[in-house]
Structure formats: C-alpha cells, structure tokens
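Q: Could we go through this complex together, starting with how burial is judged?

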Amino acid sequence: MNFAVLQFPGSNCDQDCVQVLRNVLGQSAHLRWHKEKSLGGADAVIVPGGFSYGDHLRTGAIARFSPVMQAVRTFAAQGGPVLGICNGFQILCEAGLLPGALVRNRSLQFRCEHVYLKTLTSDSPFTQGISGDQLLRVPVAHGEGCYFADAATLAQLNTNRQILWRYVNARGEADEHANPNGSLENIAGVCSEHRNVAGLMPHPERASEAILGSTDGRHIFESLIQWLTSRKAIQAA
Amino acid sequence: MKAKIIVTPKKAVVDPQGKTVQQALEQMGCQGIAAVHVGKYLEVELVGHDLPAARQQLEEACHRFLSNPVIEDYKLEIE
C-alpha cells in the first residue's frame, strides 16, 4: 500500500512513521510537504506528531490552513483513511475532521511515558484486527493531550462507538491513575462518524520495533494495511 | 482602527493553569479570589475605517480560527 506521511514545519515524528511503514511493515511510504496540493495517489494518510508551526495560537490551529490539508479533506470526504497521531490528532480536531479538542494536560506537565490502551471497537480501519482483551502498550509524549468534548458530543461518541481507545491500567480498567492527561472518560483516540478518520495521542510508531521495548503499536498500522488490502480486493472483484 | 480580542477557556473546560495561578496568588497573600481563568489577548491593527466590514470579517476569524468554539469563548472589541 501507498502511504502519504504529511510533513509540516515542526513535524518531528514523520520519519519515524516512514521508517515503520517502509522498513518494518514493507509498505510504500512517502513524505508529503505541507505546501503540496495533492496526496500523490496515496491509499492512506498519516498526520504525524510534532509541534507544527511551533504550537502557536493553539496546537494544530495553523496547520489546518496548509494547502495539503485541503487535499486531506477531499480524500477523507471520499472515504479515504486518515490517521492522526499526537499533534496529528490535534490538527484533525482543529480542522473539524474529528470531534472535540485537545487541551493542556490537567497536571500541567509534559507527560512522556508508556501507557496501556484498550481498544473499544474493532469496527474501524484502524482497529479491525485488535480485540478488546489485547491491551496495547505504547508511549505518550505530550503537554496538550487532554481530550475534551461537550456533553452532547460525548454522548454521540459513545452511542456511535466512535471512541476507539481508552487509557487503562495493566488490568484493563479505565481508572484515574491510568489517565496521563485528564482526558474525559480516559479517551485516548476517537474516529469520525464515517469511521475513516481517526486520531490518538499515543505514538504507535514508537512502539513498532522490539528494540524500542514494545511492538504493540504495529497492530494499528497492520489493521489499516489489512483494511486497505481487503478494500482493494473488493474493488478489483 | 484596532481590534482587541480576548479568548478565554469555556467554563465547562477544566483550566489547570487558572487553578495553579490562583493557588500561587493565595500563597503570596492575595485574598478573596474565587477563581482565575487564563486566556489570550490579541491585538489586530486594521487599515481603513469601515467598521461594520471589519467587525464582520473578524467575527468570522474569531469563530473559525482565533478561538476554538469547542473549548473557548471570545470577546471582540474594535476601536
């Protein structure tokens, strides 16, 4: 599959994503500079982490005006899968492609540590191969990852099963201690109403090689590759 | 003309910065503080004198960009 990994001024996880997709998972992956107006025929888009535009005004607020984001909007509207990681999640929320917003961690601390994620539904391109019992151990590294949405949006997210991942403890319980940033309902990642756009604060690309201490993050990319492969097979049939 | 824009966190959003500043104020001896909210202040210097047009344009900018309506409120004044 062909992945476009976006690159904004201040992105810093773009190369990590390319490394995992290309060298670990054997996919075709290319960087897309934010001034590009097309996605170069990509099958999926990754909006990587970092500090796009120096986090000025609000995290992700400026990046959404980059020309490449118009292409992402069109791609998403046509059902193309888009995954935002960390700053990428913040950008997708600011761009209105995902509900809610990410605000300052409740502790006011930059949190950099491994967390456990529980996958709540396999009904998305990013989670279809992951069972609820299989906790994912992946790192977070952010200062503004506290997920917020108003009560009506939160109810809708629950009803539509748009919450893909929650922060949990090693026993799989979503308690306060397991929540690194104060996110409402321990939310770590959500998807759009049409399920093809998703974002999460933890970094699966930093947990995809044994040398880095965990390979659990790989499941998210593998799920997406599997989803793309089946879609291609259906389209070809 | 000059536009003055104040962006503040919505009441429903937890404001840990405000709480921390409040605690520090109390530690330095300030009394009678019910709450502190930390926001942003923007000044936009404008060319021309068409107040209604400037207001319309900036209201949209505040709503779409300068504040995030999910988490923030804004107040716009043009003078």
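A: A residue counts as buried if 20 or more other C-beta atoms lie within 10 Å of its own, as exposed if 12 or fewer do, and as partly exposed in between, with C-beta atoms placed from the backbone. By that rule B:Leu76 is buried, because 20 other C-beta atoms lie within 10 Å.

Q: What kind of model is it, and how is the numbering done?

A: This is a predicted model, in which local features need pLDDT of at least 70, side-chain atom pairs count only at pLDDT 80 or more, and totals for chains, interfaces and linings use all residues. Residues are numbered from 1 along each chain as its sequence is written, while chains are lettered from A and ligands numbered from 1 in the order in which they are written.

Q: What ipTM and pTM does the predictor give the complex, and what is the mean pLDDT of chain B?

A: The complex has an ipTM of 0.87 and a pTM of 0.95 from the predictor. For chain B the mean pLDDT is 95, and 100% of its residues reach 70 or more; pLDDT is the predictor's confidence in each residue, from 0 to 100.

Q: Back to B:Leu76: which strand is it found in, and which residues does it touch?

A: B:Leu76 belongs to strand β3 of chain B. Leaving out residues up to four places away in sequence, B:Leu76 touches B:Ala3, B:Ile5, B:Leu58, B:Glu59 and B:Cys62. Contact here requires that the C-beta atoms of two residues, placed from the backbone, lie within 7 Å. Strands (E, at least two residues) and helices (H or I, at least four) are DSSP runs numbered from the N terminus.

Q: How far apart are B:Leu76 and B:Lys4 in space?

A: Their C-alpha atoms are 5.9 Å apart, although 72 residues separate them in sequence. B:Lys4 has B:Glu77 as its bridge partner in β3(B).

Q: What is the strand order of the chain B sheet?

A: It is an open sheet of three strands in the order β2-β1-β3, with antiparallel pairing; strands pair if DSSP finds at least two bridges between them. The edges are formed by β2 (40–45) and β3 (72–78) of chain B, each of which pairs on one side only. From one strand to the next the twist averages 15°. Helix α2 (residues 51–66) of chain B packs on this sheet, touching β1, β2 and β3 of chain B, and its direction makes about 160° with that of β3(B). Axes are lines fitted to C-alpha atoms, for helices over the stretch in contact, and angles run from 0 to 180 degrees between N-to-C directions.

Q: And how many bridges link β1 and β3 in chain B?

A: Strand β1 (residues 2–9) of chain B is joined to β3(B) by seven bridges in the antiparallel sense.

Q: Changing topic: how many strands does the open sheet of chain A have?

A: Nine strands make up this open sheet, in the order β2-β1-β3-β4-β11-β10-β9-β6-β7 (chain A), with mixed pairing. Strands β2 (28–33) and β7 (136–142) of chain A stand at the edges with a single partner strand each, so one side of each has no neighbour in the sheet. The twist averages 25° from one strand to the next.

Q: In which sense do β1 and β2 of chain A pair?

A: Strand β1 (residues 2–7) of chain A pairs with β2(A) in the parallel sense, over six bridges. Within this pair, A:Ala4 has A:His30 as its bridge partner in β2(A).

Q: Is β10 of chain A covered or exposed?

A: Strand β10 (residues 187–191) of chain A is mostly covered, with five of its five residues buried. Three bridges join it to strand β9 (residues 163–168) of chain A in an antiparallel arrangement, and A:Ile163 has A:Val190 as its partner in β10(A). Another three bridges join β10(A) to β11(A), also antiparallel. In the hairpin of β10(A) and β11(A), with five residues between the strands, A:Arg195 takes a positive phi near 70°.

Q: Why is α3 of chain A described as enclosed?

A: Eight of the eight residues of α3(A) are buried, so the rest of the structure largely encloses this helix. Its buried residues pack against β3, β4, β5 (101–103) and β11 of chain A. Helix α3 (residues 87–94) of chain A runs at about 120° to β4(A). After α3(A) comes A:Gly96, with a positive phi near 80°.

Q: Finally, how many residues does each chain bring to the contact?

A: Chain B brings ten residues and chain A brings 13 residues. On the chain B side, helix α1 (residues 16–27) gives the most, with three residues.
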